[in-house]
Amino acid sequence: MIDFQTVGDLCNAHHIVEEEVDAAVAAYLADPLPPIFVFQQGYQLNLMKAVRNHQGARVFMEREDVGIALKRPFVRAAILQARPKG
């Protein structure tokens, strides 16, 4: 069965904890081409695809004049709105 919940929904349901979201954000910012991120409950998320599919995050990541501090909330929003496989 396919689960259509977002990472944010899964956080609200306590299936994914905030520390895992923080780790996913850090992983993407460290390497925009990371392997699939796997949450502790087994949910899998392609971070690159999540950011690419989020217009705000995609635009900010493409800007060279914007630092990590401004990119981080957009990447976090992209991850929270993404739908992992699980």
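Buried means under 20% relative accessible area, exposed means over 50%, and partly exposed lies in between, with a 1.4 Å probe and protein chains only. Keep those cut-offs at hand for the whole tour.

This is a predicted model, in which local features need pLDDT of at least 70, side-chain atom pairs count only at pLDDT 80 or more, and totals for chains, interfaces and linings use all residues. Residues are numbered from 1 along each chain as its sequence is written, and side-chain values use heavy atoms, leaving out hydrogens and water.

**Stop 1**

Select Phe74. At 29% relative accessibility, Phe74 counts as partly exposed.

Now for the aromatic pairs. Rings of Phe, Tyr and Trp (its six-membered ring) pair if their centres lie within 6.5 Å; planes under 30 degrees apart count as stacked, over 60 as edge-to-face and the rest as tilted. A search of the whole structure finds two such pairs.

**Stop 2: Phe37 and Phe39**

Select Phe37 and Phe39. Their ring centres are 4.9 Å apart and their planes stand at 70°, so the pair is edge-to-face. Phe37 is buried, at 16% relative accessible area. Phe39 is buried too, at 2%.

Go back to Phe60 and Phe74. Their rings are stacked, 4.0 Å centre to centre with 15° between the planes. This pair links distant parts of the chain: Phe60 is in helix α4 (residues 55-62) and Phe74 in helix α5, 14 residues apart. Helices here are DSSP runs (H or I, at least four residues), numbered from the N terminus.

**Stop 3: α2 against α5**

Show helix α2 (residues 18-30) with helix α5 (residues 68-81). They pack at an angle of about 120°, with axes 9 Å apart. Axes are lines fitted to C-alpha atoms over the stretch in contact, and angles run from 0 to 180 degrees between N-to-C directions. α2 and α5 are therefore oblique to each other. Under 35 degrees counts as roughly parallel, over 145 as roughly antiparallel, 65 to 115 as roughly perpendicular, and the rest as oblique.

Which residues of α2 meet α5? Select Glu18, Val21, Asp22, Ala24, Val25, Tyr28 and Leu29 in α2. Across from them, in α5, are Ile68, Lys71, Arg72, Val75, Arg76, Ile79 and Leu80. Contact means heavy atoms within 4.5 Å.

**Stop 4: His14**

Finish in the loop between α1 (7-12) and α2, where His14 is found. His14 is exposed, with a relative accessible area of 69%. Check the backbone: phi of His14 is near 65°, a positive value in a residue other than glycine. Most residues other than glycine have a negative phi.

Conventions. Helices (H or I, at least four residues) and strands (E, at least two) are DSSP runs, numbered from the N terminus.
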